[in-house]
Every structure is written in C-alpha cells, then in structure tokens.
Amino acid sequence: MSDKKIITVFCATGAQGGAVARALSKDPDLHVRAVTRDVNTQKADKLKSLGVELVQCNTSNPASVRDALSGADGCFIVTHTDFGKQNSFEMEVHEGRQIADACKAMRVGSVVFSTQRSSRVLGLQTRHMDAKAEIETYMHDLDLPLTCVMVPCYYEQFMGLFKPEKIDNNKYILEIPMGTTPMHLIALDDMGVVVRQIFNNWQTFIDKTIGICGDVLTIRDVAAILTQVLRPKTFADKPLTVNDYRNKKDFPGVSDWANLFTFRMRVDQIFNIHHTKMIHPQMKSFEEWARENADTLHNVL
Ligand SMILES: NC(=O)c1ccc[n+]([C@@H]2O[C@H](COP(=O)([O-])OP(=O)(O)OC[C@H]3O[C@@H](n4cnc5c(N)ncnc54)[C@H](OP(=O)(O)O)[C@@H]3O)[C@@H](O)[C@H]2O)c1
C-alpha cells in the first residue's frame with residue numbers, strides 16, 4: 001500500500017482549489033484527492049491529467065463529504081459563495097460547517113481553511129467574508145487541527161472582475177475604488193505553493209492564521225506596471241468612490257465587493273509579504289506575473 005499522504009482538496013475545479021491541487025500534485029509524497037460535484041467536465045479532466053484522484057461530492061450530501069475525507073491525512077477547504085442567492089451567507093456557512101463536521105468525524109489530521117475577516121466590525125455586510133469568518137470560528141470551536149490562510153485578491157482578477165475597461169484604441173482604465181490605499185494581491189499558483197508548504201511543515205503552521213500576499217500595490221501602480229508590460233496599450237487608474245462603484249457596476253455581489261473595498265481601506269489586516277516570502281521565496285511580484293502572462297492578458301483585453 002502506498003505510504004503517500006492523502007490530501008483532499010475541496011472546490012478543486014475552482015481558482016483556489018485548482019491552484020492547491022496543482023501545487024500538491026507536484027509533490028511525490030502526496031496523493032491529491034480532488035473534490036468536484038461533477039467528474040465529467042473539462043476542468044475535471046484537466047485535474048485528472050495531473051494524476052490526481054477525482055471524487056464526486058456534493059456538500060449538500062454529508063455522506064459524500066465524509067467519503068471524500070475517508071482515510072485523508074489532510075484537507076484544503078475553500079467554500080463557495082453564491083452571490084445570486086438571497087441566503088448566500090447561510091448557504092456558505094452551512095456548507096463550511098458540514099465539511100468541518102466531516103473533518104472531525106473522519107479525524108483528519110491537518111485542515112487548511114481559506115478564511116477571511118468579517119467586515120461586521122464596521123457594520124458592513126460582505127457575505128463571502130462574513131461566512132468564512134463564521135466557519136473559521138466553528139472550526140476553532142470543534143477544535144480541529146487547523147491552519148487558516150487569509151487570501152487576498154488574486155492577480156488573475158485583472159483578467160476577470162478587475163479587467164481594465166477599453167475606452168479607446170489601446171487606452172484602458174482601471175475602475176477599482178481603493179483610492180491611494182495599496183491593495184494586497186497574490187498569484188493563484190503561489191497561493192497553492194504556500195498551502196503545500198503548510199502541509200509539508202505542519203508543526204510549524206498548526207494553529208496559525210497566515211495572511212498571504214505576493215505584492216502590495218496601489219491601483220495606480222498596477223496601471224503603471226500593466227502599461228510597461230503591455231505597450232502599446234496604456235492603462236490609467238480612474239478614481240471612483242465605493243458608492244460610485246456600487247451604483248455603476250452590475251453583477252451579483254457588487255454590494256459585498258464594494259464593502260470589501262471599504263473594509264480593506266479602513267482595517268489594517270495581517271497580509272504579510274515578508275512572511276509569505278519566507279514560506280515561498282520564489283513567489284512572484286505582480287510585474288513578474290504580468291510579464292509571464294502578457295500574451296494571455298493581451299488576448300483577454
Ligand atoms: N476573487 C478573489 O480575488 C478572492 C480572493 C480571496 C478569497 N476569495 C474567495 O474564494 C471563494 C471562491 O473560491 P474560488 O475563487 O476558488 O471559486 P471559483 O473559482 O468560483 O470556484 C468555485 C468552486 O466551487 C465549487 N462549488 C461547490 N458548490 C458549488 C455551487 N453550488 N455552485 C457553484 N460552484 C460550486 C465548484 O466546483 P464544482 O463545480 O467542480 O463542483 C468550483 O470548484 C469565494 O467565496 C471568495 O470569497 C476570492
């Protein structure tokens with residue numbers, strides 16, 4: 001029988017879970033069990049090609065969660081937010097608690113949870129962050145062997161939610177309401193490597209919360225870097241208030257995101273680039289990431 005450690009990765013077809021599954025799959029001492037609701041998708045095939053085991057599991061079915069954790073030495077948990085649903089907070093907390101209960105029942109030895117701070121201290125609602133903070137508390141109450149990673153916005157968001165808007169031929173603006181406050185950011189792949197380091201150095205990291213971060217930049221800095229890397233395209237920071245953002249943008253969860261920006265501007269958090277570099281010295285700056293992904297960025301913009 002193989003003596004590899006089994007690590008179950010939830011949301012393995014997603015951004016965070018996918019990054020973690022890829023990073024763990026490169027470690028010959030680990031066996032990755034990737035959780036998805038549907039094993040017959042392109043994303044699932046991609047994971048399979050990395051040599052990971054796919055398991056079909058739906059968090060609405062507690063037995064399937066326990067099966068996914070059966071015999072697992074560790075697991076990585078990120079919970080999904082369905083902003084389109086009115087009760088998205090309750091749904092996410094329920095999902096997180098189900099997984100936490102299953103970890104306890106299956107005696108999983110190392111649990112890494114992707115957490116966030118609740119913005120309720122400022123009277124703000126950010127359902128995705130509030131839910132994760134609630135789940136983290138529940139995990140502590142259960143006394144799970146736990147390490148939390150607090151994950152900032154991904155560099156990849158500049159191809160998604162933060163995608164610069166084209167205003168003219170080769171001219172783009174960034175509309176992110178952070179003012180002059182620097183934003184903490186990280187590349188998804190680097191986030192995955194940090195989680196691998198946590199599993200591989202468990203005694204160092206157990207019981208800790210680590211605010212990971214690959215770069216700290218104002219939106220103006222981001223625009224300058226994108227201009228440098230993607231010329232002849234040019235990018236500018238278009239300052240807007242959080243309320244402008246809330247009123248102008250139209251996507252599910254816009255209010256939660258607007259409140260996230262307010263929270264990030266007002267509350268000093270524990271994202272720490274120096275600490276993260278000690279864990280993962282090859283971690284990329286935003287500029288390094290943008291240069292490496294210049295072709296994709298050109299295609300997306
Ligand atoms: N965006 C950011 O910059 C950022 C930064 C830090 C933290 N976060 C947090 O990260 C969380 C999401 O992580 P992510 O970015 O990795 O998500 P994602 O890329 O959107 O992936 C979502 C994952 O959730 C799974 N899932 C389980 N139940 C689902 C359901 N009912 N509907 C849709 N998908 C479901 C999907 O797996 P299957 O379809 O295969 O089952 C998929 O793997 C969010 O809650 C957010 O708060 C985001």
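**Exercise 1.** Classify the packing of helix α1 (residues 15-25) against helix α6 (residues 188-200).

Solution. The axes, which are lines fitted to C-alpha atoms over the stretch in contact, come within 7 Å and cross at roughly 55°. Angles run from 0 to 180 degrees between N-to-C directions, and because those under 35 degrees count as roughly parallel, over 145 as roughly antiparallel, 65 to 115 as roughly perpendicular and the rest as oblique, α1 is oblique to α6. By class, their contact has 9 nonpolar, 2 polar and 3 charged residues, where Ala, Val, Leu, Ile, Met, Phe, Trp, Tyr, Cys and Pro count as nonpolar, Asp, Glu, Lys and Arg as charged, and the others, Gly among them, as polar.

The model is predicted, with local features needing pLDDT of at least 70 and side-chain atom pairs counting only at pLDDT 80 or more, while totals for chains, interfaces and linings use all residues. Residues are numbered from 1 along each chain as its sequence is written.

**Exercise 2.** Classify the packing of helix α4 (residues 88-105) against helix α5 (residues 127-141).

Solution. The two axes lie 9 Å apart at an angle of about 30°, and α4 and α5 are therefore roughly parallel to each other. Their contact comprises 7 nonpolar, 2 polar and 5 charged residues.

**Exercise 3.** Is R291 buried, exposed or partly exposed?

Solution. R291 is found in helix α12 (residues 286-292). Since 15 other C-beta atoms lie within 10 Å, R291 is partly exposed (buried means 20 or more, exposed 12 or fewer, with C-beta atoms placed from the backbone).

Note on methods:
Helix = DSSP H or I, 4+ residues; strand = E, 2+ residues; numbered from the N terminus.
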